[in-house]
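This report describes a structure by its elements and the contacts between them. The sequence and coordinates come first, and the notes follow.

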There are 2 protein chains.
Amino acid sequence: MTDTPRRRGRPAGTRVGPGTRELIQLTARREFAERGYEKTSVRGIAKAAGVDPALVHHYFGTKEQVFAAAVDIAFAPALGAPQKMAEGPPEAAGERLTRFFFATWEDPATRAPLLAIMRSAMDNEAAAAVFRRLVSAQLLDRIAGFIELPDATIRAELAAAQLVGAAMLRYVLKVDPLASADVEELVRRLAPVVQQHLTGA
Amino acid sequence: MTDTPRRRGRPAGTRVGPGTRELIQLTARREFAERGYEKTSVRGIAKAAGVDPALVHHYFGTKEQVFAAAVDIAFAPALGAPQKMAEGPPEAAGERLTRFFFATWEDPATRAPLLAIMRSAMDNEAAAAVFRRLVSAQLLDRIAGFIELPDATIRAELAAAQLVGAAMLRYVLKVDPLASADVEELVRRLAPVVQQHLTGA
């Protein structure tokens, strides 16, 4: 614990104020989103944020760790899903998850950074690994935690696959009628399938 | 029809041989896959293929049309899906589609260009539109053609969403146990859901 980047002490000659860490994190999210993982550098993020590169390292560590922090904030709105699933009867957990998923994606302010960070994770194996760890630990494993069956994890993954695929076709590929369908219609069509994955025979 | 790029006549001073068109098409697929849509130019494709840029225009037209040709060959292996669905009883069409889908994706020689071209279509709105037209006309509409129900198209799209999402989690994000599951297990778990989308109540 004593050797983590945040404990090394602040680099000499840099000024920090309240919100500096958050400023760097938001700048990193924007830089990774715009340039992809490979073309983004800690130096470039520091320059765009108007701080010394040493300060970026001080707060976050390596480029991979800066990327993890950027993914963290892009993904934050999606992380309420397990909580939503817990708020009601298990036999309607699929519907609550489906409804929460589309509510998150329908908001352009959430969708754009989410998509951009997913795109930059497709760019590079190290970035994909960071993304995989976050999605597994914070989303899929926690959804699986609600399923009292031995194959809970693959069930959670296939339910997520249905929703992620629908988002790809609706918001990225934009094929109609899926792209212009009412969210309530999508919930009606997808909730039973999601529920089937979560708890079905 | 007389004004399409292919009818303009071959540019003076260029030599073509059998396979030149195919060479340009394969080079275009590689260039778009490596650089993304925005950073690829007709000039760059011509240079990489060792031909005059005018020849690329002669065969394919605009950059958008060159991209369409590149998507065409990357996608060709997937286009057997509607045919596969037709080869057997309708109540097992979901299983045939699911099996065909994973057989295509399991082959790395097919998967790599497919993924790369999908990634470059995520890059840019014009590229996404090219991709959308191809996927709609050659895949989704033809799958929907097998479904004798008024909502056939959205049914085909949601079935495709389930499969595309599973491919994203298995081959791109690589979350386990989905990433290392046996294809037969995936067919067993997904075919009933795909069938439900295609023909269910």
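## A proline in helix 10 of chain B

Pro192(B) sits in helix 10 of chain B. The model is predicted, and every value below is computed from it. Pro192(B) is classed as partly exposed because 18 C-beta neighbours fall inside 10 Å, and a residue needs 20 or more to count as buried. The C-alpha atom of Pro192(B) is separated by 44 Å from that of Ser41(B), and the two residues are 151 residues apart along the chain.

## Overall layout of chain A

Chain A contains ten helices and zero strands. Its pattern along the sequence is accordingly α-α-α-α-α-α-α-α-α-α.

Chain A has 201 residues, of which 40% count as buried. If contacts in chain A are taken between residues at least 6 apart in sequence, 68% of them join residues at least 24 apart.

## Domains of chain A

Two domains are assigned in chain A: domain 1 covers 5–63 and domain 2 covers 74–199. Their C-alpha centres lie 30 Å apart. Six residues of domain 1 of chain A and eight residues of domain 2 of chain A take part in the contact between them. On the domain 1 side, the touching residues of chain A are three nonpolar, one polar and two charged.

## Helix 7 of chain A

Helix 7 of chain A runs over residues 108–121 and has 14 residues. From first to last C-alpha, helix 7 of chain A reaches 20 Å, close to the 20 Å expected at 1.5 Å a residue.

Which residues of helix 7 of chain A are buried? They are Pro113(A), Leu114(A), Ile117(A), Met118(A), Ser120(A) and Ala121(A). These residues lie on the same side of helix 7 of chain A, because they cover an arc of only 165 degrees around the axis. The elements they pack against are helix 1 (20–35), helix 4 (63–75) and helix 8 (125–144) of chain A.

## Helix 9 of chain A

Helix 9 of chain A spans residues 152–172, 21 residues in total. At 1.5 Å a residue it should span 30 Å, so the 29 Å between its end C-alpha atoms agrees with that expectation. Helix 9 of chain A is mostly covered, with 18 of its 21 residues buried.

## The loop between helix 9 and helix 10

Lys174(A) follows helix 9 of chain A and belongs to the loop between helix 9 and helix 10 of chain A. Its phi is near 55 degrees, a positive value in a residue other than glycine. Is Lys174(A) buried or partly exposed? Lys174(A) counts as partly exposed, because it has 17 C-beta neighbours inside 10 Å. The loop also holds Pro177(A), between helix 9 and helix 10 (183–199) of chain A. The peptide bond leading from Asp176(A) to Pro177(A) is cis, with omega near 5 degrees.

In chain B, Lys174(B) is placed in the loop between helix 9 and helix 10 of chain B. Phi of Lys174(B) is positive, near 60 degrees, and the residue is other than glycine. Lys174(B) is partly exposed, because 17 other C-beta atoms lie within 10 Å. Pro177(B) is in the loop between helix 9 (152–172) and helix 10 (183–199) of chain B. Asp176(B) and Pro177(B) are joined by a cis peptide bond with omega about 10 degrees.

## Contact between chain A and chain B

How many residues does the contact take from chain B and from chain A? It takes 32 residues from chain B and 32 residues from chain A. On the chain B side, helix 8 (125–144), helix 9 and helix 10 of chain B each supply at least two residues. Helix 9 of chain B gives the most to that side, with 14 residues.

By class, the side of chain B that touches chain A has 22 nonpolar, five polar and five charged residues.

Notes:
Residues numbered from 1 in each chain as written. Chains lettered and ligands numbered in written order. Predicted model: local features only at pLDDT ≥ 70, side-chain atom pairs only at ≥ 80, totals over all residues. Domains from an automatic or database assignment. Contact = placed C-beta atoms within 7 Å. Nonpolar A, V, L, I, M, F, W, Y, C, P; charged D, E, K, R; others polar. Helix = DSSP H or I, 4+ residues; strand = E, 2+ residues; numbered from the N terminus. Expected span 1.5 Å × (residues − 1). Buried ≥ 20, exposed ≤ 12 C-beta atoms within 10 Å, placed from the backbone. Arc of directions from axis to C-beta.
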